[in-house]
Amino acid sequence: MNNLLAFFSSSIGRKVLIAITGLLLVLFLIAHLIGNLLFFLGPDSLNSYAAALKGNPALLWSARIGLLTVFVLHLMNALALAMQNRAARGVQYQNKGYMAATAASRTMVITGLVVLLYVAYHLSHFTLGLTNPDHFSMHDAQGRHDVYGMILHGFQIPVVAWGYVAAMLVVAYHLSHGIQSSLQTFGLRNENYTPCVKQFSVFLALLLCLGFSSIPLAVQFGLVG
Amino acid sequence: MNFTLHVWRQKNVDSPGQMVIYPARDISPDSSFIEMIDVVNSGLAEKGEDPIAYEADCLEGICGCCSMTINGIPHGPGRGATTCQLHMRSFQDGEHIYIEPFRSAAFPLVKDLMVDRSSFDRIIQAGGFISVNTGGAQDANSIPIPKDDADLAFDAAQCIGCGACVAGCKNGAAMLFTAAKVAQLARLPQGQPERYRRVVHMVETMDNEGFGSCTNQYECEAVCPKEISVRYIAEMNRDYIKAKLCK
């Protein structure tokens, strides 16, 4: 146990923790997206899926607590390392150039904090029902929580829909560096597959962005509802 | 060629520093960056001003002394060369050139463009060696080493410890340096007995010296005058994880 604690307080250990939690969050996003896409199958599919999740409080709450823990660990460790890294420069350069570091890799803290703000809004919108309580309190014909209607009404507001699309672009930007970066941190590198991993990282980030954005876009362009 | 230099001048670590502008006139395009500074320094000396302090030694790109951040890039534009191997023809006539020391909290400034890189020595002292009783030289090839391993160990061993990786990294991380020094021994049979102890001690010293940590941007590899690959960082991560969790 002491060994483990010592490991996770070293620079490499902290990076490993950020990488593990980051990849867990990507797995969550994939599961979340699969659930979201039920929207295109109509109100019954989505609402019964939501009712099934809510009907199993043990599973729901352990998933929520696990997710929150992973999110907080990712965030706190990343911020702690970012502050250490800033201090490690000492005096800042008057004029700093870059030859290889991508803009996505240099802005991970900023994009991460934007995602944090987005998650706060997203939870108060669709999970807590604070920002649009009228959409949140609807029920369908079977008396279930009308998740489909909530999403439909939410995304009929242009600023909300386009805000979600913009947030998904930021998530994709963050992941385009994050996914490939985590494998390097684990030491999983090989001159044959590493170039493919980089491409896959960008591909998966774009796929998630497109998947999540498809719903607000479909509502905005009148393809659904 | 003529240039306008913006040079960081600072008397010592405790006094404040600032960028000072100096003209550099009639510079040969074939002169090295160091020779260009010497021309400017001669002019300063003639006027009775304090010349710009910098560090240089071999002037052939193998000692790693000439540390300068030129236009925001350690060792300046162009890949695979140290400042002393950088020629003025790499710049445009009339260009403004910004020259700053290698910036890192672990490299305290000595004067102007000179920094103290003894934190690198302390990382080496923590484990960058093999403990053997030296005797007569062994016969060549008495220990068979696969060609690929020998090549990779040699590539890592090309590190001249200049500190460009730290100066170029947004995080001031010394992971490419430490990884190269770990890998040059980890790849060879002689490095095996102390392999895992070595990586732990060197990484811990690196952390304690106040270097940052890698966020896998690979700027270090791009600015490294010896073009050392970030593959060694992955190898060091792997060895460190194994050492701490599996050994």
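Two strands are said to pair if DSSP finds at least two bridges between them, and the helices (H or I, at least four residues) and strands (E, at least two) named on this tour are DSSP runs, numbered from the N terminus. The model is predicted, so local features need pLDDT of at least 70 and side-chain atom pairs count only at pLDDT 80 or more, while totals for chains, interfaces and linings use all residues. Residues are numbered from 1 along each chain as its sequence is written, and chains are lettered from A and ligands numbered from 1 in the order in which they are written.

**Stop 1: chain B as a whole**

Begin by selecting chain B, which has 8 helices and 7 strands and whose C-alpha atoms fill a box of roughly 60 × 40 × 35 Å, taken along the principal axes. Of its 247 residues, 48% count as buried; a residue is buried if 20 or more other C-beta atoms, placed from the backbone, lie within 10 Å of its own, exposed if 12 or fewer, and partly exposed in between. Two residues are in contact if their C-beta atoms, placed from the backbone, lie within 7 Å, and among the contacts in chain B between residues at least 6 apart in sequence, 71% join residues at least 24 apart.

**Stop 2: the sheet of chain B**

Next, colour the strands of the open sheet in chain B, where 5 strands stand in the order β2-β1-β5-β3-β4 and the pairing is mixed. At the edges you will find β2 (18-24) and β4 (73-74) of chain B, each of which pairs on one side only.

Now select β5(B), a strand that is mostly covered, with 4 of its 5 residues buried. Strand β1 (residues 3-9) of chain B pairs with β5(B) in the parallel sense over 4 bridges, and H6(B) stands opposite Y98(B) in β5(B). The pairing of β3(B) with β5(B) is in the antiparallel sense, over 2 bridges, and here I70(B) stands opposite I99(B) in β5(B).

**Stop 3**

Select P23(B), which has its place in strand β2 of chain B. Is P23(B) buried or exposed? P23(B) counts as exposed because it has 10 C-beta neighbours inside 10 Å. If you draw a distance from the C-alpha atom of P23(B) to that of V40(B), 17 residues apart along the chain, you will find a separation of 7.7 Å.

Then move to M114(B), found in strand β7 (residues 114-115) of chain B, which counts as buried because it has 20 C-beta neighbours inside 10 Å. Not counting residues up to four places away in sequence, M114(B) touches A53(B), Y54(B), E55(B) and P101(B). The C-alpha atoms of M114(B) and A137(B), which are 23 residues apart along the chain, are separated by 38 Å.

**Stop 4: where chain B meets chain A**

Show both chains and select the residues between them: 39 residues of chain B are in contact with 34 residues of chain A. On the side of chain B that touches chain A, β5 (96-100), α6 (195-208), α7 (219-223) and α8 (231-245) of chain B each supply at least two residues, and the largest share, 9 residues, comes from α8(B). The residues of this side divide into 15 nonpolar, 13 polar and 11 charged, where Ala, Val, Leu, Ile, Met, Phe, Trp, Tyr, Cys and Pro count as nonpolar, Asp, Glu, Lys and Arg as charged, and the others, Gly among them, as polar.

**Stop 5: helix α2 of chain A**

Finish in chain A with helix α2 (residues 11-36) and helix α9 (residues 158-186), whose axes come within 9 Å and cross at roughly 130°. That makes α2(A) oblique to α9(A), since angles under 35 degrees count as roughly parallel, over 145 as roughly antiparallel, 65 to 115 as roughly perpendicular and the rest as oblique. Among the residues that make the contact are A19(A) and G22(A) of α2(A) and G178(A) and S182(A) of α9(A).

Lastly, select helix α10 (residues 194-220) of chain A, whose axis and that of α2(A) come within 10 Å and cross at roughly 30°. Here L29(A), L33(A) and N36(A) in α2(A) meet L208(A), G211(A), F212(A) and I215(A) in α10(A), and the residues of this contact divide into 5 nonpolar, 2 polar and no charged.

Notes. Axes are lines fitted to C-alpha atoms, for helices over the stretch in contact, and angles run from 0 to 180 degrees between N-to-C directions.
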